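Good morning, and thank you for coming. Please look at the sequence and the structure on the screen while I speak.

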Amino acid sequence: MPPTRPAVPSSHRDLDPLLLLPVRLFVMCLLADLHWHEAVVLANTLRIKPRSVSLHAELLAAAGYVSIRVAGRRTKMRLTPLGLDRLTGHVTALQKVASTAALLVTTRHGAPRSPT
């Protein structure tokens, strides 16, 4: 009898569509300390343009995940409590998806082989 395959979890429903784009996920992760951060610092950390960070942050702010504060030419942002909850749920769901994917691969192909 072939080994039973693990069921694919329903955790994909817990994935947040806004956070499926890696840049938005990484912005949220960098803001997880709930402190204010300058967009230019986040952009440098992610090696992208500050305007790109601001565009993604605006989408996250529209969803209530990020607060944005503009003072002159400086844009600062921080995660909201809702944003932290959604980030935590999304990362937890990603871990479940990755764990299940790994189990499906090893069940189908045996234990992972080390590179030679």
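This is a predicted model: local features need pLDDT of at least 70, side-chain atom pairs count only at pLDDT 80 or more; totals for chains, interfaces and linings use all residues.

Let me begin with histidine 37. Leaving aside neighbours within four places in sequence, histidine 37 is in contact with Leu30, Leu31, Leu42, Thr75, Lys76 and Met77, where contact means heavy atoms within 4.5 Å.

Residues are numbered from 1 along each chain as its sequence is written, and side-chain values use heavy atoms, with hydrogens and water left out.

Histidine 37 lies in strand E1; helices (H or I, at least four residues) and strands (E, at least two) are DSSP runs, numbered from the N terminus. The side chain of histidine 37 also makes a polar contact with that of aspartate 33, at 2.9 Å. A polar contact is a pair of N or O atoms within 3.5 Å; within protein, one must be able to donate a hydrogen and the other to accept it, and residues adjacent in sequence count only if both atoms are side-chain atoms.

I turn to the salt bridges. A salt bridge is a side-chain nitrogen of Lys or Arg within 4 Å of a carboxyl oxygen of Asp or Glu, and by this rule the count is three. One of them joins arginine 86 and aspartate 16, at 3.0 Å from N to O. Arginine 86 lies in helix H4 (residues 81–109) and aspartate 16 in the segment before helix H1 (22–30), so this pair ties together parts that are 70 residues apart in sequence. Is aspartate 16 buried or exposed? Aspartate 16 is buried, with a relative accessible area of 3%, whereas arginine 86 is partly exposed at 27%. Buried means under 20% relative accessible area, exposed over 50%, and partly exposed in between (1.4 Å probe, protein chains only).

Glutamate 38 and arginine 74 form another salt bridge, at 3.6 Å from N to O. Glutamate 38 belongs to strand E1 (residues 37–38) and arginine 74 to strand E3 (residues 74–79), so the pair links parts that are 36 residues apart in sequence.

Finally, strand E3 has a partner. Strand E2 (residues 66–71) and E3 pair in the antiparallel sense over six bridges; two strands pair if DSSP finds at least two bridges between them. Valine 70 has threonine 75 as its bridge partner in E3.
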